[in-house]
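Hi,

Here is the model I promised to pass on to you. Have a look at it first, and my notes follow below.

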Amino acid sequence: MGGAIGRRLQTAYSTWPGLTLFLAGALLTLGFAPYHLWPVLFVSLPLLYRQLTTSTRYRQAALRAFFFGYGYSMAGTWWIANALLVDADKFAWLLPFSVLGLSAVMALWFVLLGVLVHRLRARMDILLFAVLWVLVEYLRSLGMFGFPWNLVGYMSLAALPLAQLAALIGTYGLSFLLVLLGLLPVVWSGGMGCKNKWRLTICVALLLGLVYGYGLSRLQTPTAFTDTLLRVVQPNIPQAVKGTRAGQAVAIEALGQLTAAPSATGAVPDVTIWPETAYPFTLRAGGTHALPPVKLLLTGAVRAEGYAPEVKIWNSLVAMDGEGHILATYDKHQLVPFGEFVPLRHVLPLAKITPGDLDFSRGQGPRTLAVGRLPPFSPLVCYEAIFPWMAVDSAAPRPAWLLNVTNDGWYGDSAGPYQHFEMARMRAIEQGVPLVRAANSGISAVVDGYGRVVRALKLHERGVMDVYLPAMVANNAYSDYSQFIILCIFALSLFMHIIAYNRRQI
């Protein structure tokens, strides 16, 4: 790390090694929303690199990585515990398990990073380390229990021109570049035996300049709009009230008033959008359902089929016409463990956090919905928006927009809702299509295909937005070749690493 700061960090590490790495991991989360203090990269990542590459045993490397990951996970997701306080009498006893236990489980991914770095320590440089970091980010995104929260690439949203590179290489590609940038102090400290520090630094600076210039050129294009007028409703119903019988009456009144309010544009909205599980009754196919006066409604709702004891429920996005007929449905398929279903229910004596004893069923996967004259869209329910490859159905034509309905009211006034919004916003840049987000308590927003916020409602603000739907932008490379691009980044980086390593051996 070099200099006085490096010596002080080394002294602190020698005295309290586990605590220092824990704090370094926690410090790294300040690079994300709502703080955007991205220079923490230059402190946290070099410290981790140095400690992992100087580990003498696998166990030592694993422990060092675990402490770092523990701090990173706990500081980045502690707000999940707020969901347990909504029904504190029933779930408050789980707080230590949520804050301490969940963070420990997520830190195991960093143990994998530590073991891989130790295994390859003789060949290690910042290129290989960045590849391994992104590999672990990718692996922790997969499967039913995948949770790609706070990928380093999201720090680029602190500078929107830099984030435009997601249109070419996606969030994982941005993670790779930002990890490389954060590890530059390793080069200057002599940790790689690099004799051309200035040359490497100038190359990185030129690369960043080109990336920033590319982003600025994209942002010169003004936002174009279609003739589809949207009304996004944010009722801001407290979560402690929302799940009760009294909350049903509150929802009916709030949604009715907001939906029927006069439009600031003087026109009648073509479609009204309510957030996740906003519809105050369980929906079933057939018949009509009670609605305020609307042309078309897109709403989050609990959808049911069958009757007890064979009933099944889904967390759904439902399209209904002005008479209350169901026109189309999309069922959430990436469910929240312990929030929407209990894993190993026959073994674990636990109840799910959301109201009701019945687990939600999984939907079939990403879909594109086409309803009436509305431009086709890809629905994303709640945290499905944080998974880059779930944004669209890869087997269907690219949709005209993304719709994310969510309810972040579970998490209070914490960093969680801000980070959730930023991740959804990145999907718009990657796909080159606008994002419309309807949240119960915020942040609701309309974002164009460049990630620019056209209109937004703040966290815990009740209100509506009447906005014309932005037009989609030209096809992005990432939207067409996302997985292929990730593989190319890995292959090119490994090739460059091999060349650099062989030159060091000559």
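**What I found**

Leu403 has Val436 in S8 as its bridge partner. Five bridges connect S7 and S8, and the two strands run parallel. Helices (H or I, at least four residues) and strands (E, at least two) are DSSP runs, numbered from the N terminus, and two strands pair if DSSP finds at least two bridges between them.

Before going on, a word on the basis: this is a predicted model, where local features need pLDDT of at least 70 and side-chain atom pairs count only at pLDDT 80 or more, while totals for chains, interfaces and linings use all residues. Residues are numbered from 1 along each chain as its sequence is written, and side-chain values use heavy atoms, with hydrogens and water left out.

**The five-stranded sheet**

S7 and S8 belong to an open sheet of five strands in the order S6-S7-S8-S9-S10, with mixed pairing. Its edge strands are S6 (377-381) and S10 (453-457), each of which pairs on one side only. From one strand to the next the twist averages 10°; axes here are lines fitted to C-alpha atoms, for helices over the stretch in contact, and angles run from 0 to 180 degrees between N-to-C directions.

How is S8 placed relative to the rest of the structure? Five of its five residues are buried, so S8 is largely enclosed by the rest of the structure. Buried means under 20% relative accessible area, exposed over 50%, and partly exposed in between (1.4 Å probe, protein chains only). Leu435, Arg437 and Ala439 are buried on one side of the strand, and Val436 and Ala438 on the other. Helix H14 (residues 415-431) lies across S7 (401-406), S8, S9 and S10, and runs at about 155° to S8.

**The six-stranded sheet**

The other sheet I would point you to is also open, with six strands in the order S5-S4-S3-S2-S1-S11 and mixed pairing. S5 (326-331) and S11 (463-470) are the edge strands, each pairing on one side only. Here the twist averages 35° from one strand to the next. Helix H13 (residues 245-260) packs on this sheet, touching S1 (225-234), S2 (271-273) and S11, and its direction makes about 150° with that of S1. Contact means heavy atoms within 4.5 Å.

S4 (residues 312-321) and S5 run antiparallel and are joined by five bridges, with Leu317 standing opposite Tyr330 in S5.

Ser361 sits in the loop between S5 and S6. Ser361 counts as buried because its relative accessibility is 16%. Leaving aside residues up to four places away in sequence, Ser361 touches Lys312, Ile313, Trp314, Lys332 and Leu335.

**A helix pair**

The axes of H7 (residues 126-139) and H9 (residues 166-182) come within 9 Å and cross at roughly 145°. Among the residues that make the contact are Phe129 and Trp133 of H7 and Tyr172 and Phe176 of H9.

**The protein overall**

The protein has 15 helices and 11 strands. Of its 506 residues, 55% count as buried. Residues 24 or more positions apart account for 68% of the contacts with a separation of 6 or more.

Best wishes
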